[in-house]
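Colleague: I would like to learn how to read a model like this one, feature by feature. Could you take me through it slowly, giving the general idea before the particular case?

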Amino acid sequence: MTSYVAAVFPGPNEPIEMREFPEPDLESGAALLHTLYSEVCGTDVHLHHGRLSDVPYPIIPGHVSVGVVAKTRGTLQTVTGDSIREGDIVTFLDVHETCNSCYYCLVANEPTRCPSRKVYGITYSANDGLLGGWSQAIYMKPGVKMIHFPKDLAAETFIGGGCGLVTALHAVDLAGIRLGESVAVMGAGPVGQSVVALASLSGAGEVIAVDGVKSRLDFAREMGATNTIDIGIGRPDRLELARSMTRGHGFDVVIEASGNPEAVSEALDIVRDAGRVIVCGHYTDNGSVGIHPHWQINRKHVELRGCWGSRYEHFHRGVEIAARFGSAKPWSRMASESYALADVATALEAVANRSAVKAVVRVSD
Ligand SMILES: [Zn+2]
Ligand SMILES: [Zn+2]
């Protein structure tokens, strides 16, 4: 009988184990991928440290992956009606089991808040099978949304953008950037870098990256930032600089992608009156912050929106954007290192100690 090796997080702060899994039987509508690439990102570091809630350890991490279809059962199609056949190279939306029958799916129109929602590599247990990308094979449950991996898209570009690109696209959509507007991006990590790139592709006039790490600010310029603010200068000076960059008004749009609670308060200071603030940097609980409702929100007539996860449309467009603009925007260099599956602990360490923003797990090629 065929079996597959996968890397498993047995529990929070426990060492990674390599475990063997039997080849699964396919339900009708299911498929099995032989993994080509997966990613290691900051979310995996949080998972390893037990910083996300409702994680059913043991898990096989890896939520953004590329594989070759090894087996299918029944007829499988992409959303555009293309058949998915054995031998095709695909990637897939990690979010699954959004129910399309609950209050959030049907009334609130926000399936990212669907209580049935599951995520490969995060909220599926390894006890339920090969449901994460750090594995020689990944089980595609019936209904998992696969898309053919564009031939001219390099794995490094796709993984470098990966989940951060998809989240950034959702945030930029929510911001509704209009041609020529000024955009400040707080935090130049993986999400922030993609926000910079997408804001610049959206026709923003000025795109200002705000961070405390010079190399990140330099990289943001390559992603399309027209200027930067180093947080080392202190908040009053940053506010002054923000005003001087915007003829005294403040930014039309501020997108917070730093994960620092103080940045949310500062975003409300540097946005212009009647501007928009999007918060997408608080995927984990990083604490609270004081906000002055009169001066920072009500009187300013600010629109403040949270951005949780992403929908299929963001993933689908994210793949197309990575393929179309991957040569203009250096996503490939955000995932500078690639590692064998057996070395995934080293890859995780590199992301944890920030020597790499992201790492590619090259399972087979
Ligand atoms: Zn639902
Ligand atoms: Zn990720």
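Predicted model: local features only at pLDDT ≥ 70, side-chain atom pairs only at ≥ 80, totals over all residues.

Colleague: Is Glu39 buried or exposed, and what about Cys163?

Modeller: Glu39 has a relative accessible area of 0% and is therefore buried. The cut-off for that word is under 20%, so Cys163, at 19% relative accessibility, also counts as buried.

Colleague: Which residues are the protein donors of the zinc ion (ligand 1)?

Modeller: They are Cys99 (SG), Cys102 (SG), Cys105 (SG) and Cys114 (SG), lying 2.3 to 2.4 Å from that ion. The spacing in sequence is C-x2-C-x2-C-x8-C, and the site is again described as tetrahedral, with angles of 104 to 118° among its 4 donor atoms. Cys105 is buried, at 8% relative accessibility, whereas Cys99, at 28%, counts as partly exposed.

Colleague: Turning to strands, how should I read their two faces?

Modeller: In a regular strand, the side chains alternate between the two faces of the sheet. For strand β8 (residues 137-140), one side carries Ala137 and Tyr139 and the other Ile138 and Met140, and as all of these are buried, both faces are covered.

Colleague: How many bridges join strand β3 to β8?

Modeller: There are 4 bridges between strand β3 (residues 31-40) and β8, and the two strands run antiparallel. Leu33, for instance, has Ile138 in β8 as its bridge partner.

Colleague: Finally, how does one find a pocket?

Modeller: Rolling a probe the size of a water molecule over the atoms shows where empty space is left. In this model the second largest pocket holds about 360 Å³ of space. Its lining consists of 16 residues, and those nearest its centre are Leu93, Thr98, Pro111, Lys145 and Tyr312.

Colleague: How many residues of that lining are nonpolar, polar and charged?

Modeller: The lining of the second largest pocket divides into 5 nonpolar, 7 polar and 4 charged residues.

Methods: Residues numbered from 1 in each chain as written. Chains lettered and ligands numbered in written order. Heavy atoms only, no water. Buried < 20%, exposed > 50% of the residue type's maximum accessible area, 1.4 Å probe, protein only. Pairing = 2+ DSSP bridges. 1 Å grid on protein atoms, 1.4 Å probe; cavity = no way out; pocket = protein on both sides within 12 Å on 5 of 7 lines; lining within 4 Å. Points joined across faces, edges and corners; volume = space filled by probe spheres on them. Nonpolar A, V, L, I, M, F, W, Y, C, P; charged D, E, K, R; others polar. Donors = N, O, S within 2.8 Å, 3.2 Å for Na, K, Ca; no water. Tetrahedral: all angles 85-135°; square planar, octahedral: opposite > 155°, others 65-115°.
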